[in-house]
Amino acid sequence: MTQTPGATREQIILAADQLFYAGTVASVSMDRIAERAGVTKKTLYYHFRSKDDLLAAYVEARDGVVMQRYRKWAGSEGSVCERIERMFAHLARWATDPGWRGCGFTRVICELADLPGHPAAIAARAHKSGFESWMRELIEEDERSDSAELARMMMILLDGGIVQTLTHRDPAYARAAGAAVRRLLCADRSGEQRQRPLLVSAHA
């Protein structure tokens, strides 16, 4: 059965996702993407005028998938602190997968550091901003007046934890980021740390 143009486009983006994430933007050619997607180069260029266009589409497509994953990890049960701790615990487990290569958005931004106006870099920044907005919304559920500042700190902890975990290939760094979140968010309003078991287990 002949695929619809939309299905073919999604198939190409999926192939690009697999190759870009497993390797680097620079090392992946349009020939390899066409081969992985099972389409001709003519078909590939019918849907995407250039590698830059395809790269931007790949980043935009990852946004919803990644946001959904982290929302699922956080869940809807428990306090805000517990939900975010749970998210970091899942991240630590996810990072043990041999195919894990860190944050695809950060990697794209790094590869395009000299091209901040590239559509893919813009899309990656939009994802990071959207994620920060979600963090702020979560924190606002605790009626914190400093939710914007805390959300920005959260992003630093998240991205830093991911980079260090990838650097050392050690999920202990993701767990350490989760512990830092606990100290940041779970302290009472007087600044004293609540004494309770840490949800991010050393065996996560």
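Predicted model: local features only at pLDDT ≥ 70, side-chain atom pairs only at ≥ 80, totals over all residues.
The protein chain as a whole averages a pLDDT of 91. At least 70 is the score of 90% of the residues. Among the elements of the chain, helix 2 (residues 30-37) has the highest mean pLDDT, 98. Helix 9 has the lowest, at 93.

Helix 8 covers residues 147-168, 22 residues in total. At 1.5 Å a residue, these should span 32 Å. The end C-alpha atoms are 31 Å apart, which agrees with that expectation. Helix 8 has a set of buried residues: Ser147, Leu150, Ala151, Met154, Met155, Leu158, Gly161, Ile162 and Thr165. They cover an arc of only 150 degrees around the axis, and therefore lie on the same side of helix 8. An α-helix has 3.6 residues a turn, so residues three or four places apart point the same way. Arg169 follows helix 8. Its phi is positive, near 50 degrees.

His47 belongs to helix 3, which runs over residues 41-47. Its relative accessible area is 18%, under the 20% cut-off, so His47 counts as buried. Beyond its neighbours within four places in sequence, His47 is in contact with Pro5, Thr8, Arg9 and Ile12.

Ser50 sits in the loop between helix 3 and helix 4 (51-74). With a relative accessible area of 25%, Ser50 falls between the cut-offs of 20% and 50% and is therefore partly exposed. Residues up to four places away in sequence aside, Ser50 touches Met30 and Tyr45. Met30 and Ser50 are 20 residues apart in sequence. In space, their C-alpha atoms are 8.6 Å apart. Ser50 also has a polar contact with Asp53: the Ser50 side chain reaches the backbone nitrogen of Asp53 at 3.2 Å.

Terms used
Residues numbered from 1 in each chain as written. Heavy atoms only, no water. Helix = DSSP H or I, 4+ residues; strand = E, 2+ residues; numbered from the N terminus. Buried < 20%, exposed > 50% of the residue type's maximum accessible area, 1.4 Å probe, protein only. Contact = heavy atoms within 4.5 Å. Polar contact = N/O pair within 3.5 Å; in protein donor to acceptor, adjacent residues only side chain to side chain. Expected span 1.5 Å × (residues − 1). Arc of directions from axis to C-beta. pLDDT = per-residue confidence, 0-100.
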